[in-house]
Amino acid sequence: MIVNLEKYFLSDDAEDSLQFSVDLKEIEIDGVYPFPFPVKVQANLKSFSNSVLLDIQFSYIIQKPCDRCLEVAKEEYSEANSYVIVTALNEEDQDGRYILAENKLLNLDELVYSSVITEFPTKFLCSSDCKGLCPMCGQNLNEGDCSCDKKQVDPRLEVLRQLMDHKE
């Protein structure tokens, strides 16, 4: 959604609320399309001192395989941000609090997209206490223990195990 901000820059009492959604289902991250539902957005625009205050809240669902056990999990996220939109930036204004609206236009879809992607979790888990998969047989350890020998040592560490046995 592209918003023309001209009326906000020309007046000190312009104010609007917008509700819309942004479809991110075509976005692929690590071979997965984690946004099955549109991002719901609530934006409030208010003019002041030849600038525009943007308060934006959005909520979305990430659905993808857990990074430990590979079970598909779903988690809801919500964010709220405030920005000052201006038509020109000084050197000291380039700290992320200000958004430059070239030609007095603002692409809200792009702003939502960049916020969601920036906050995308680096590790996505079905639960904080996920036990993952057994490295030997692949059993999901959240569903129960497997019968693998837990004392079996990685062959690359066998020399270290032998050293430890000699010390005892």
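What follows is a walk through the fold, core, surface and salt bridges of this protein, all taken from a predicted model.

Start with the overall layout. Three helices and seven strands make up the secondary structure, and read from the N terminus their order is β-α-β-β-β-β-β-β-α-α. The radius of gyration comes out at 25 Å, well over the 15 Å that the globule rule gives for 168 residues, so the protein is more spread out than a compact globule. The box that holds the C-alpha atoms tells its own story, at roughly 80 × 35 × 25 Å along the principal axes. As for what is tucked away, 31% of the 168 residues count as buried. Among contacts with a separation of 6 or more, 55% are between residues 24 or more positions apart.

Now for the inside. The largest nonpolar core has 33 residues, and the ones with the most contacts inside it are Leu-5, Val-39, Leu-54, Ile-56 and Ile-85. Helices H1 (6-10) and H2 (108-118) each give two or more residues to this core, and so do strands E2 (15-22), E3 (39-48), E4 and E5 (72-86). Strand E4 hands over the largest share, six residues. Ile-56 shows what such a position looks like up close: leaving aside neighbours within four places in sequence, its contacts include Val-41, Ala-43, Ala-80, Tyr-83, Leu-108, Leu-111 and Val-112. Ser-51 also sits in strand E4, which covers residues 51-65. With a relative accessibility of 10%, Ser-51 counts as buried, because the cut-off is under 20%. Beyond its sequence neighbours within four places, Ser-51 touches Tyr-8, Phe-9, Lys-46, Val-84, Ile-85 and Val-86.

Charged pairs come next. The whole structure has four salt bridges. In one of them, the side chains of Lys-7 and Asp-16 meet at 2.7 Å, N to O. Both partners are partly exposed, Lys-7 at 46% relative accessible area and Asp-16 at 27%. Another salt bridge joins Lys-46 and Glu-15 at 3.6 Å, N to O. That pair ties together distant parts of the chain, with Lys-46 in strand E3 and Glu-15 in strand E2, 31 residues apart. Here Lys-46 is partly exposed at 39%, whereas Glu-15 is exposed at 53%. Lys-64 and Asp-67 form a salt bridge too, at 3.3 Å, N to O. Lys-64 has a relative accessibility of 7% and so counts as buried, while Asp-67 is partly exposed at 34%.

Two loop residues have backbone angles worth a look. Most residues other than glycine have a negative phi. Leu-70, in the loop between E4 and E5, has a positive phi of about 70° despite not being a glycine. This leucine, Leu-70, is exposed, with 56% relative accessible area. Lys-104 has a positive phi as well, near 60°, and lies in the loop between strands E6 (98-100) and E7 (105-107). Lys-104 is partly exposed at 29%.

Last, the surface has a nonpolar patch. Leu-157, Val-159, Leu-160, Leu-163 and Met-164 form it, with about 500 Å² of accessible area together. Leu-160 belongs to helix H3, residues 158-167, and its relative accessibility of 48% makes it partly exposed.

Technical notes: Residues numbered from 1 in each chain as written. Heavy atoms only, no water. Patch = residues over 30% accessible without salt bridge, like charges linked within 9 Å, V, L, I, M, F, W, Y side chains within 5 Å. Areas by Shrake-Rupley, 256 points an atom, 1.4 Å probe, with all protein chains shown as cover. Helix = DSSP H or I, 4+ residues; strand = E, 2+ residues; numbered from the N terminus. Buried < 20%, exposed > 50% of the residue type's maximum accessible area, 1.4 Å probe, protein only. Rg over C-alpha atoms; globule rule 2.2 N^0.38 Å. Contact = heavy atoms within 4.5 Å. Core = buried A, V, L, I, M, F, W, Y, C linked by side-chain atoms within 4.5 Å.
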